[in-house]
Amino acid sequence: MALKASDIKVGDTYSEEVCNNLSRTQIVQYAGASGDYNPLHSDELFTTQVAGYPSVFAHGMLSMGMTGKMLTNYVGDGRLSQYGVRFTSQVFPGATLTAEATISAIREEDGVQFADIDISTTDEEGTQVIKGTATARIDP
Amino acid sequence: MAVDKFPIEAGHIMMFARSIGDANQIYYDQDYADKSEPGAIVAPPTFVQASAQFDPDYFLRPKIGQEWFGSAKGATGITQREGSSGGGGGAAGGIGAGLHAEQRYEYHRQLMVGDVLKATNKPGKTWEKEGRRGGKLTFSESITEYHDENGDLVVTATSVGVRTERPATSGD
């Protein structure tokens with residue numbers, strides 16, 4: 001499950017498609033689970049007529065959550081010590097997102113090994129929607 | 001967000017994992033989780049965001065008996081008061097124009113079912129930037145610390161919000 005320092009090297013990549021043709025219903029599902037009911041994410045009438053956006057769009061935290069799935073599938077459960085992102089572009093219904101991890105460093109701290117990871121999630125047109133970093137504890 | 005008691009519950013984790021499209025058994029299957037490395041049902045990395053559910057005053061949840069700024073009969077449920085600038089611009093310019101720019105988590109230990117967290121919040125840095133599409137951008141950091149019942153720090157969450165002068169969708 002977990003990564004091994006002996007099996008990886010700087011520059012290694014891992015990627016996953018984390019959503020395909022994102023539905024408004026999945027955005028609603030995220031609103032319900034997270035508790036963030038901002039109408040910008042589910043209410044087309046409010047979002048287009050009052051807020052002035054072309055359409056409802058996904059919570060940034062939904063994109064971060066979906067990207068996190070790629071990350072935990074790669075590094076194993078319970079291994080992250082840090083995960084941070086910038087939301088670089090909005091994600092609209094219909095998006096197909098691919099999340100990619102790139103090993104940027106492998107290092108030892110107090111006898112424990114860690115991998116630093118660069119993260120990039122892009123949509124079907126190649127637009128980056130998330131840019132971030134993570135650190136995971138790895139096995140020797 | 002500040003929350004007195006955020007109980008980490010199995011059903012909530014299952015629903016949250018479904019909503020991010022994560023089918024990992026460790027989020028819903030007790031038998032699988034028992035034999036896994038963490039040895040318990042754990043929370044997905046972004047799960048503490050759902051502490052909003054336990055904040056009685058969370059402003060992005062409709063409250064019983066109060067007007068809600070999303071659409072109802074009209075495009076917003078906020079009643080326009082006489083003399084206020086028209087067109088529902090108040091709702092759009094106020095709550096609608098705040099967006100999430102960045103989010104960072106530091107994990108001090110794995111979050112598991114059965115934990116009960118207390119979240120405390122403090123403001124971080126504030127800065128301004130001239131945006132390409134949204135006019136002047138004002139960024140502000142908010143730092144939330146989640147402690148367990150022993151008072152140990154479990155997760156530190158730093159959120160950066162941005163307020164724009166106008167809607168900032170690409171292609172405008």
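## The nonpolar core

The largest nonpolar core holds 75 residues, and the members that touch the most others are Leu71(A), Leu97(A), Ile119(A), Ala136(A) and Val155(B). Helix H3 of chain A gives the most to this core, with 8 residues. The model is a predicted one.

Leaving aside residues up to four places away in sequence, Leu97(A) touches Val18(A), Cys19(A), Ser63(A), Met66(A), Val91(A), Thr121(A), Asp123(A) and Val129(A).

## Chain A at a glance

Chain A has 3 helices and 5 strands. From the N terminus on, the order is β-α-α-α-β-β-β-β. The C-alpha trace of chain A spans about 55 × 30 × 20 Å along its principal axes.

Of the 140 residues of chain A, 50% count as buried.

## Helix H3 of chain A

H3(A) has 16 residues. From first C-alpha to last, H3(A) reaches 22 Å, close to the 22 Å expected at 1.5 Å a residue. The helix is largely enclosed by the rest of the structure, because 15 of its 16 residues are buried.

Gly76(A) follows H3(A), and its phi is positive, near 100°.

## The sheet across both chains

An open sheet is formed by 10 strands, with antiparallel pairing. Their order is S1(A)-S3(A)-S4(A)-S5(A)-S2(A)-S2(B)-S5(B)-S4(B)-S3(B)-S1(B). S1 of chain A and strand S1 (3-7) of chain B are the edge strands, each pairing on one side only. Neighbouring strands of the sheet are turned by 25° against each other on average, direction ignored.

## Pairing within chain A

Strand S4 (residues 112-122) of chain A runs antiparallel to S5(A), joined by 10 bridges. Ala115(A) in this region stands opposite Ala136(A) in S5(A). Ala136(A) is also one of the core residues that touch the most other members.

S4(A) and S5(A) form a hairpin with 5 residues between them. Gly126(A) sits in the turn, with a positive phi of about 85°.

S5(A) (residues 128-138) also pairs with S2(A), antiparallel, through 7 bridges. Gly84(A) stands opposite Thr133(A) in S5(A).

## Where the chains meet

S2(A) pairs with strand S2 (residues 98-107) of chain B in the antiparallel sense over 5 bridges. Val85(A) has Gln103(B) in S2(B) as its bridge partner.

In total, 46 residues of chain A are in contact with 45 residues of chain B. On the chain A side, the elements giving two or more residues are strand S1 (13-19), helix H1 (24-34), helix H2 (44-50), helix H3 (60-75) and strand S2 (80-87). H3(A) gives the most to this side, with 10 residues. The residues on this side divide into 23 nonpolar, 18 polar and 5 charged.

Terms used
Residues numbered from 1 in each chain as written. Chains lettered and ligands numbered in written order. Predicted model: local features only at pLDDT ≥ 70, side-chain atom pairs only at ≥ 80, totals over all residues. Contact = placed C-beta atoms within 7 Å. Helix = DSSP H or I, 4+ residues; strand = E, 2+ residues; numbered from the N terminus. Nonpolar A, V, L, I, M, F, W, Y, C, P; charged D, E, K, R; others polar. Pairing = 2+ DSSP bridges. Core = buried A, V, L, I, M, F, W, Y, C linked by C-beta atoms within 7 Å. Buried ≥ 20, exposed ≤ 12 C-beta atoms within 10 Å, placed from the backbone. Axes fitted to C-alpha atoms, helices over the stretch in contact; angles between N-to-C directions. Expected span 1.5 Å × (residues − 1).
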